[in-house]
Amino acid sequence: MADGRAGIAPRGPLGVWNATRWSLKGLRDAFLTESSFRLEVYLFIVAAPLSFWLGENVFERVLLFGVLLPVLAMELINSGLECVIDKLIPEFHELAGRAKDMGSAAVFACMLNVLVVWTVLLWPHS
């Protein structure tokens with residue numbers, strides 16, 4: 001385990017606090033070093049309130065908001081993958097490039113999901 005604990009015993013309050021700190025550090029590092037993540041955060045800041053304003057009922061609001069979060073999560077995974085690849089394989093390698101492209105494609109798929117859901121829910125129905 002990343003925190004050095006073995007077994008299935010709960011972490012306790014201190015463990016939860018440390019995990020929260022590490023997660024917030026990861027968010028901060030991503031925001032400071034990854035321009036794509038910053039852009040997606042700015043879009044989230046605009047789209048999140050819009051999701052609650054444009055949704056006609058609770059279900060639509062939750063759906064419009066909920067499809068935004070996986071974009072941020074996938075960008076964090078993609079950025080982490082790119083960091084590991086850059087550390088392990090500093091020179092160009094076809095497989096490293098392919099892995100990075102696939103991570104980027106996963107972010108793109110999440111963005112397409114946002115586009116489809118928002119279009120279907122917000123397009124005027126006849």
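**Helix packing and salt bridges in a predicted model**

Reader: In which helix is the place of Asn78?

Author: This is a predicted model, in which local features need pLDDT of at least 70 and side-chain atom pairs count only at pLDDT 80 or more, while totals for chains, interfaces and linings use all residues. Residues are numbered from 1 along each chain as its sequence is written, and side-chain values use heavy atoms, with hydrogens and water left out. Helices are DSSP runs of H or I with at least four residues, strands are runs of E with at least two, and both are numbered from the N terminus. Under that scheme Asn78 belongs to residues 69-88, that is, to helix α4.

Reader: Is Asn78 buried or exposed?

Author: Relative accessible area under 20% is called buried, over 50% exposed, and in between partly exposed (1.4 Å probe, protein chains only). Because its relative accessible area is 5%, Asn78 is buried.

Reader: Which residues does Asn78 touch, not counting those up to four places away in sequence?

Author: A contact requires heavy atoms within 4.5 Å. With residues up to four places away in sequence set aside, the residues touched by Asn78 are Lys100, Gly103, Ser104 and Val107.

Reader: How are α2 and α3 oriented to each other, roughly parallel or roughly antiparallel?

Author: Axes are lines fitted to C-alpha atoms, for helices over the stretch in contact, and angles between N-to-C directions run from 0 to 180 degrees. Angles under 35 degrees count as roughly parallel, over 145 as roughly antiparallel, 65 to 115 as roughly perpendicular, and the rest as oblique. The axes of α2 (residues 35-54) and α3 (residues 58-66) come within 8 Å and cross at roughly 165°. The two helices are therefore roughly antiparallel.

Reader: What is the handedness of the crossing of α2 and α5?

Author: The axes of α2 and α5 come within 13 Å and cross at roughly 25°, so the pair is roughly parallel. A crossing is left-handed if the near helix is turned anticlockwise from the far one by less than a right angle, and right-handed if clockwise. The crossing of α2 and α5 is left-handed.

Reader: Which residues of α5 meet α2?

Author: The α2 side of this contact consists of Glu40, Ala47, Leu50, Ser51 and Leu54. Their partners in α5 are Val107, Met111, Trp118 and Leu122.

Reader: Which residues are linked in a network of salt bridges?

Author: A salt bridge is a side-chain nitrogen of Lys or Arg within 4 Å of a carboxyl oxygen of Asp or Glu. Lys25 and Asp29 both lie in helix α1 (residues 12-33), four residues apart, about one turn of the helix. The network links Lys25, Arg28 and Asp29.

Reader: How far apart are the closest N and O atoms in the salt bridge of Glu94 with Arg98?

Author: Both residues lie in helix α5 (residues 94-122), four residues apart, about one turn of the helix. Glu94 is exposed, at 53% relative accessible area, whereas Arg98, at 39%, counts as partly exposed. In the salt bridge of Glu94 with Arg98, the closest N and O atoms are separated by 3.0 Å.
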